[in-house]
Amino acid sequence: AAPAGGAASADIKVELTDRQSCDVELLCNGGFSPLTGFMNEAEYNSVVEDMKLPSGLIFGLPVVMDTGDANVKVGSKLLLTYQGTDMAVMTVESLFTPDKPKECLNCYGTASIEHPGVRMVAMERGSTYVGGPLQGLGVPTRDFPCATPKEVRETLPDGADVVAFQCRNPVHRAHYELFTRALDAPNVGEDAVVLVHPTCGPTQEEDIPGSVRHKTYVVLQDETKDTPSGKRTRWAFLPYSMHMAGPREAIHHMMIRKNFGCTHFIIGRDMAGSKSSVTGDDFYGAFEAQDLAKARADELGVQAVPSLNLVCDPDGNYITADEAKEKGIEVMKLSGTKFRKMLRAGEEIPEWFAFKSVVDVLRAEWK
């Protein structure tokens with residue numbers, strides 16, 4: 001616990017955005033370890049340039065705080081608040097003007113504002129970044145109860161592999177098959193468990209609201225808890241806001257999950273990918289994130305588990321796309337767009353595609 005009077009020592013009060021509040025929570029609870037505060041100029045430059053901290057430790061993306069307040073100086077103490085909660089006191093040790101085009105080119109692979117991450121850096125963040133240590137105070141109440149890395153590690157079995165699955169949408173049948181079958185991957189040990197660890201910070205505009213997603217995860221957890229796969233599955237939620245940074249974000253996620261006790265991380269096609277808001281073209285190749293993650297896995301101390309490309313046969317069984325092609329099996333298809341249309345129209349959703357409990361929540365809560 002922080003010593004009394006932490007908040008009283010601050011000179012300037014700063015109301016955090018949703019995204020910043022997630023960063024503060026992970027800096028204070030060890031999710032971004034070894035960082036214990038927003039990056040100073042040397043740390044920022046090192047991560048932008050080399051994807052490493054000055055110590056040589058690999059680190060995916062910059063974790064930065066910005067300001068447009070001329071009263072903020074080196075030595076200032078900032079009280080960081082979020083929706084009525086005093087989250088932390090930050091001591092400013094570094095005040096600098098970032099090279100934003102370079103940050104975007106190196107971290108997102110593009111400086112086009114057609115990319116959501118670039119848009120955030122260019123348009124949401126102020127022109128000055130502030131770095132310095134944080135003294136944690138309180139944690140806000142979120143739609144999702146977010147356990148700390150220490151709390152999550154305490155729920156995991158000793159000595160067993162832990163395979164993390166990251167998502168930001170409700171879990172449907174194909175996802176479920178994908179993460180439970182990851183336990184059979186050749187580089188995963190026998191007694192392994194899966195940690196389903198959805199991010200629940202601000203997401204993309206068209207995504208389903210956090211409170212609704214949380215409910216879908218709770219009902220699915222309940223529905224599957226007594227099945228053989230359910231007994232090998234753990235659930236937790238991560239206060240993190242996506243950058244949609246593709247390969248660099250895959251590294252960032254692996255590093256965060258290592259702090260939560262994971263040894264492996266499932267990486268799907270086009271992990272954390274995004275498309276141009278104008279042309280619809282992909283910013284990253286389908287396997288770029290997987291390739292970078294595999295190349296840096298040993299250095300990170302987290303192994304990449306490439307996700308299987310699963311399809312559903314006419315009997316409702318999931319098989320790999322390769323097997324379906326080889327055997328000439330007709331596969332069933334339902335696009336996300338068509339699914340949402342059927343949901344809104346009150347049409348029956350096939351059980352091979354989605355869990356009934358999840359569909360019931362979406363139907364009741366999501367308009």
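## Packing of helix 4

The buried residues of helix 4 pack against helix 1 (18-29), helix 3 (100-108) and strand 7 (128-136). Helices (H or I, at least four residues) and strands (E, at least two) are DSSP runs, numbered from the N terminus. Helix 4 itself covers residues 116-124, and its buried members are P116, G117, V118, M120 and V121. Buried denotes under 20% relative accessible area, exposed over 50%, and partly exposed in between (1.4 Å probe, protein chains only).

The model is predicted: local features need pLDDT of at least 70 and side-chain atom pairs count only at pLDDT 80 or more, while totals for chains, interfaces and linings use all residues. Residues are numbered from 1 along each chain as its sequence is written, and side-chain values use heavy atoms, with hydrogens and water left out.

## Nonpolar cores

A nonpolar core is a set of buried Ala, Val, Leu, Ile, Met, Phe, Trp, Tyr and Cys residues joined through side-chain atoms within 4.5 Å. The largest such core has 68 residues, of which F32, F38, F59, L80 and Y108 touch the most other members. Helix 8 (residues 247-259) gives the most to this core, contributing 5 residues. A second, separate core comprises 42 residues, among them Y176, A192, F339 and V361.

## H253 in helix 8

H253 lies in helix 8 and is buried, with a relative accessible area of 0%. When neighbours within four places in sequence are left aside, H253 is in contact (heavy atoms within 4.5 Å) with Q166, T199, Y240, M242, F265 and M271.

## Cysteines

With a disulfide defined as a pair of cysteine sulfur atoms within 2.5 Å, the count comes to 0. For C104, the nearest cysteine sulfur is that of C107, 7.6 Å away; C104 is buried at 3% relative accessibility.

The sulfur of C200 has its closest cysteine sulfur in C146, at 3.6 Å, which is too far for a bond. C200 is likewise buried, at 13% relative accessibility.

## Aromatic pairs

Rings of Phe, Tyr and Trp (its six-membered ring) pair if their centres lie within 6.5 Å; planes under 30 degrees apart count as stacked, over 60 as edge-to-face and the rest as tilted. The structure holds 14 aromatic pairs. F32 and F59 form a tilted pair, 6.5 Å centre to centre with 50° between the planes. This pair links distant parts of the chain, 27 residues apart, and both F32 and F59 are buried.

The pair of Y217 and W235 is also tilted, because the planes stand at 45°, with the ring centres 6.1 Å apart. Y217 is in helix 7 (residues 210-224) and W235 in strand 10 (residues 233-235). Ring pairs join Y217 and W235 with F144, F165, Y176, F179, F237 and F355 in a cluster.
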